[in-house]
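Dear colleague,

Please find the structure below, handed over for your use. My notes on what was found in it follow.

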Amino acid sequence: MSDTSIHDGDAGPGPERVDVLVVGMGFAGMYVLYCARQRGLTARAFEAGSDVGGTWFWNRYPGCRVDVDSVQYSYHFSGELAKEWRWTEKFAAQSELLRYCNYVAGRFDLRRDAKFNTRVTSAVFDDETNLWTLRTDKGDVASAPYCIMATGSLSTPYRPPYPGIEDFRGDWYHTGTWPHREVSFAGKRVGIIGTGSTGIQAIPVIAREAKHLTVFQRTPQYTSPARNRPMAPGEQEAFNARHDDWRDEAMQTFNAITDYPPPTRHHHEDTPEERRAYLEGRWEEGGMPQAMLETYKNVAVDEAANKVVADFVRDKIREIVEDPEVAERLCPPEDLPIGSKRPPIDTDYYETFNRDNVTLVDIKSVPVESITADGIKTGDVEYELDAIVFATGFDAMTGSLLAIDIRTGTGASLKDAWSDGPDTYLGLMVAGLPNLFMINGPGSPSVKANMIMAIEHHTDWIMDLLDHLREHGLDRIEAQKQAQDEWVEHAREVAEATLMPVADSWYVGANVPGKTRVYMPYFGGFDRYVKICEEVVADGYRGFR
Ligand code: N01
């Protein structure tokens, strides 16, 4: 325990006592641990997986890769680290991202304060001692004045409860908990349910290996080419040379990503021919962020602008997919604005449906009825399969937090606080739960930004706050209910001014039956959010008690 720590550690038997408890050892938990140490705080992290990596530890499905440029989807707190690491592809594959996480953990000796293979089951705050106590499924008990939830936004897999899964004689997988061993689909008849970002990455890769792939699609998606490629000679060096400036620049953008110039024109300023030529150019260019959403001004808010881009993608589908019936089935419906579900980018997604060994099944009109011993049954048809892949997503943003019994000794609980939706103040704290912080919580830009930049911003902000408390002899901080209500209202207004909440997406919790429908991420922009957080501090931590 360093002499600058907030609380002295307890010697002797009993619960472990540190300054900061951390839940999760993905990108967020690792950075929290690093920062805590830098500030002279002792910390204990728990992680359910057997090692670091979070999302990149669990999601090992075929085709899994990031869709923010690798050089940007990296830690940026250390220029040294940036110089030491070399990405091999524009959009790194899962295995490379996991190697990076391992490198960072080793480089900063982060595993020392983490316990793996251990799931936190409860977090209880004692109002008298001001201590959070975590309990785990392995019997650990650890206490600290502060608890930081680095549990990830997409880390509780969701699988539809189709009857009969226990009868299935083949193998089945969820993409979010993919086995840590080679899975071979060679010579097999595979069925995949789900065509979100995950399915769209996995389908072309599985189709190349399997004897036959049947794709069960509920909602067709808009996707556009990633145009992934190896890093060019000197590209990493050029990025590193501007690393510090890049970071400043990224902080002033909507999604903490640079090098994708924002649109400069409205769609109605161009003739139909000019639009077509311009959108073709963007399609050829490929990449993120927001893919085709950032082509013309106001595509995210204006129905007419949105339709221009959505129609273009529908035309591309009809152009690429040879069978007109299959093409129509792949076209997203007119009432689904492009971008209202998270826009994926792909490699040969639509082209995959030209393969002889791929079948597309519409499960919106005829839903999956059951899993049988031999496959999947929809209506009168049974599809015989040797393996099933569930690419059915996550109980996003709230699932992992609500899986932990989070409460205070006086009866407040996260479950009650969020019974009508995940209200937070700035996505950082929840009124009634003192000294408990979230990284990338609902109500923060999180999934609408470069997640690593958002992680670093949240963590730095929290660490500065802990310094502030220590400097002022304070040991307790809580979000005020009124400030929280105002933030929730602001976030709601921002989202509802756009077309984003229209879709039945995981952003609004619509993928999980019974979940309250609320647009969970903050869609006001990362730059605006960072500014608001700065103003809150300048106003003496406005809205916190
Ligand atoms: O999950 P999803 P995901 N019956 O929820 C279908 C990030 N990510 O794992 O659209 C039948 O988007 C569902 O159908 P519908 C990224 O943020 C990033 O693909 O609800 N079908 C949909 O097709 C992403 O958005 C990267 O009608 C059901 C699919 O399953 C997030 O993770 C890569 C169903 C689920 O799509 C989640 O993506 C991958 C049911 N009961 C993921 N329930 C990169 O960085 C669900 N579906 C590149």
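**Findings**

Lys-377 stands opposite Glu-382 in strand β17. Please note that the model is a predicted one.

The strand that pairs with β17 here is β16 (residues 375-378); the two are joined by 4 bridges and run antiparallel. Both belong to an open sheet of 3 strands, ordered β15-β16-β17, in which the pairing is antiparallel. The edge positions are taken by β15 (368-371) and β17 (381-384); each has a single partner strand, so one side of each is left without a neighbour in the sheet. From one strand to the next, the twist averages 25 degrees.

A second open sheet is formed by 5 strands in the order β4-β3-β2-β8-β20, and its pairing is parallel. Here the edges are β4 (114-115) and β20 (436-438), each with a single partner strand, so one side of each has no neighbour in the sheet. Helix α14 (residues 451-471) packs on this sheet and touches β2, β8 and β20; the direction of α14 makes about 160 degrees with that of β20. Within the sheet, strand β2 (residues 20-23) and strand β8 (residues 146-149) pair in the parallel sense over 4 bridges. In this pairing, Val-22 is placed opposite Ile-148 of β8.

Helix α14 also meets helix α7 (residues 243-251). The axes of α7 and α14 come within 11 Å and cross at roughly 85 degrees. The two helices are therefore roughly perpendicular to each other. On the α7 side the contact involves Trp-246, Arg-247, Ala-250 and Met-251, and on the α14 side Met-453, Glu-456, His-457 and Asp-460. Sorted by class, the contact of α7 with α14 comprises 4 nonpolar, 1 polar and 3 charged residues.

Another helix pair is α15 (residues 481-496) with α16 (residues 526-538), whose axes come within 14 Å and cross at roughly 165 degrees. Helices α15 and α16 are therefore roughly antiparallel to each other, and α15 passes α16 in a right-handed crossing. Trp-487, His-490 and Val-494 of α15 make the contact with Arg-528, Tyr-529 and Ile-532 of α16. The residues of this contact divide into 4 nonpolar, 1 polar and 1 charged.

Helix α15 also holds Glu-493. This residue is partly exposed, with a relative accessible area of 47%. Glu-493 and Tyr-162 are 331 residues apart along the chain, and their C-alpha atoms are separated by 36 Å.

Strand β7 (residues 141-144) pairs with strand β1 (residues 16-17) in the parallel sense over 2 bridges, and Glu-16 stands opposite Ala-142 in β7. Strand β7 is also joined to strand β6 (residues 131-136), by 4 bridges, and these two run antiparallel. The bridge partner of Thr-133 in β7 is Ser-143. Together, β6 and β7 form a hairpin with 4 residues between them, and Gly-139 in the turn has a positive phi of about 90 degrees.

Strand β10 (residues 189-193) pairs with β11 in the parallel sense over 5 bridges. Arg-189 has His-212 as its bridge partner in β11. Strand β11 (residues 212-217) is mostly covered, with 5 of its 6 residues buried.

Ser-70 lies in the loop between α2 (55-58) and α3 (79-84). Is Ser-70 buried or exposed? Ser-70 counts as buried because its relative accessibility is 1%, and the cut-off for buried is under 20% relative accessible area. Leaving aside residues up to four places away in sequence, Ser-70 touches Trp-87, Glu-89, Lys-90, Phe-91 and Ala-92.

With kind regards

Conventions: Residues are numbered from 1 along each chain as its sequence is written. This is a predicted model: local features need pLDDT of at least 70, side-chain atom pairs count only at pLDDT 80 or more; totals for chains, interfaces and linings use all residues. Side-chain values use heavy atoms; hydrogens and water are left out. Axes are lines fitted to C-alpha atoms, for helices over the stretch in contact, and angles run from 0 to 180 degrees between N-to-C directions. Angles under 35 degrees count as roughly parallel, over 145 as roughly antiparallel, 65 to 115 as roughly perpendicular and the rest as oblique. A crossing is left-handed if the near helix is turned anticlockwise from the far one by less than a right angle, and right-handed if clockwise. Contact means heavy atoms within 4.5 Å. Ala, Val, Leu, Ile, Met, Phe, Trp, Tyr, Cys and Pro count as nonpolar, Asp, Glu, Lys and Arg as charged, and the others, Gly among them, as polar. Two strands pair if DSSP finds at least two bridges between them. Buried means under 20% relative accessible area, exposed over 50%, partly exposed in between (1.4 Å probe, protein chains only).
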